[in-house]
Amino acid sequence: MSLPVFITEDLEGDTLTLSGSEGKHAVTVKRITVGERIQLVDAHGAFAICEVTGTSGKDRLQARVLERGTTPAPTPAVTVFQALPKSERSELTVDLLTQAGVDRIVPWEASRCIAKWQGAKRDKGQAKWMQAAVAAAKQSRRARVPNVEKLASTKEVAAMLAGFEQVMVLHESATQSIKEVELAQADSLALIIGPEGGISDEELAAFQAAGAHAMKLGPEVLRTATAGMVALAAIGVKTSRW
């Protein structure tokens with residue numbers, strides 16, 4: 001059975017202390033006790049397998065380091081440009097992407113998005129997505145937490161695509177399937193996932209002009225909340241990520 005995971009910035013030393021919100025989650029919510037083993041991670045790949053030696057109050061835990069290591073970054077690295085889902089599916093989308101191993105998430109305000117992050121909602125929305133990514137990373141025992149970046153416009157997304165070796169736009173009318181694409185040699189991939197209403201012709205043209213290729217996953221049309229997870233699974237099988 002895998003060990004419960006908690007995040008801490010400091011993994012230095014033979015004895016580690018977990019406090020604050022993570023300490024409270026361990027002591028009060030998970031009810032971790034002396035003698036149990038846990039895994040502490042720094043969210044960037046480093047981890048320490050520890051044995052709990054003591055707890056105090058509601059939010060403080062001490063542990064002795066038994067083993068250290070680093071989880072290598074997966075290759076190819078995958079960035080998902082995710083159109084804003086409806087509010088009730090927003091955090092679920094990030095949760096599923098994180099479970100499936102995404103490395104980086106860029107929220108995208110597509111023209112057909114129902115949800116809009118305007119004004120203060122931009123920072124609030126990014127923070128909520130980051131919280132969802134952290135929670136999902138711990139639940140799925142990840143030592144690396146995907147970064148959630150600031151909201152991007154279509155123009156900004158198109159400008160970012162030059163930095164990737166392969167860019168795929170998931171589109172129901174595409175004639176090429178992801179199973180036909182050679183991905184094993186790429187170091188960086190990007191997935192563009194549209195909103196429930198689909199990607200507009202103008203958006204698709206802008207992305208293709210920047211080097212993207214329209215792809216389909218299969219015969220079914222998936223919701224924006226699940227399309228990324230399915231695509232990441234396909235990439236995992238076709239590359240050394242899995």
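Is Ala43 buried or exposed, and what is its relative accessible area?

A: The model discussed here is a predicted one. In it, Ala43 has a relative accessible area of 14% and is therefore counted as buried, because that term applies to values under 20%.

The location of Ala43 is the loop between β3 and β4. These two strands form a hairpin, with four residues between them. Ala43 has a phi near 75°, which is a positive value in a residue other than glycine.

Strand β3 covers residues 37-41, and four of its five residues are buried. Strand β4 covers residues 46-56; it runs antiparallel to β3, and five bridges join the two strands. Within this pairing, Gln39 stands opposite Ile49 in β4. Strand β3 also pairs with strand β1, residues 5-7, this time in the parallel sense and over three bridges. There, Ile7 stands opposite Val41 in β3. Strands of a sheet pair through backbone hydrogen bonds, in either the parallel or the antiparallel sense.

Arg31 is not a glycine, yet its phi is about 55°. Arg31 belongs to the loop between α1 (20-29) and β3. Whereas Ala43 is buried, Arg31 has a relative accessibility of 63% and so counts as exposed.

Another backbone feature concerns a proline. The peptide bond that runs from Thr75 to Pro76 is cis, with omega near 0°. Pro76 is placed in the loop between β5 (60-70) and β6.

The partners β9 and β11 run parallel and are joined by three bridges, and Leu170 stands opposite Met215 in β11.

Aromatic rings give a further view of how parts of the chain meet. A pair of such rings is described by the distance of the centres and the angle of the planes. The structure has three aromatic pairs. In one of them, the ring centres of Phe81 and Phe164 are 6.0 Å apart and the planes lie at 85°, so this pair is edge-to-face. Phe81 is in strand β6 (residues 77-83), while Phe164 is in the loop between α4 (154-160) and β9 (166-170), so the pair ties together parts that are 83 residues apart in sequence. Both Phe81 and Phe164 are buried.

Another edge-to-face pair consists of Trp108 and Phe207, at 5.3 Å centre to centre and with 70° between the planes. Trp108 is in strand β7 (residues 104-108) and Phe207 in helix α5 (residues 201-209); the pair links distant parts of the chain, 99 residues apart. Trp108 and Phe207 are both buried.

Cys50 has a relative accessibility of 0% and so counts as buried. Cys113 is also buried, with a relative accessible area of 5%. The structure holds zero disulfides. Ile235, in helix α6 (residues 224-238), is at 0% relative accessibility and thus counts as buried. From Ile235 to Glu182 the C-alpha distance is 10.0 Å, although the two residues are 53 apart in sequence.

Finally, there is the empty space. Rolling a probe the size of a water molecule over the atoms shows where such space is left. The largest pocket holds about 420 Å³ of space. Its lining consists of 21 residues, and those nearest its centre are Leu170, His171, Glu172, Val221 and Leu222. By class, that lining has ten nonpolar, six polar and five charged residues. The second largest pocket has a volume of about 280 Å³. It is lined by 13 residues, of which Ser87, Ser90, Trp117, Gly125 and Lys128 are the closest to its centre. Helices α2 (87-99) and α3 (121-139) each supply at least two residues of this second lining, and α3 gives the largest share, five residues.

Methods:
Residues numbered from 1 in each chain as written. Predicted model: local features only at pLDDT ≥ 70, side-chain atom pairs only at ≥ 80, totals over all residues. Heavy atoms only, no water. 1 Å grid on protein atoms, 1.4 Å probe; cavity = no way out; pocket = protein on both sides within 12 Å on 5 of 7 lines; lining within 4 Å. Points joined across faces, edges and corners; volume = space filled by probe spheres on them. Nonpolar A, V, L, I, M, F, W, Y, C, P; charged D, E, K, R; others polar. Buried < 20%, exposed > 50% of the residue type's maximum accessible area, 1.4 Å probe, protein only. Pairing = 2+ DSSP bridges. Disulfide = S-S within 2.5 Å. Phe/Tyr/Trp six-rings, centres within 6.5 Å; stacked < 30°, edge-to-face > 60°.
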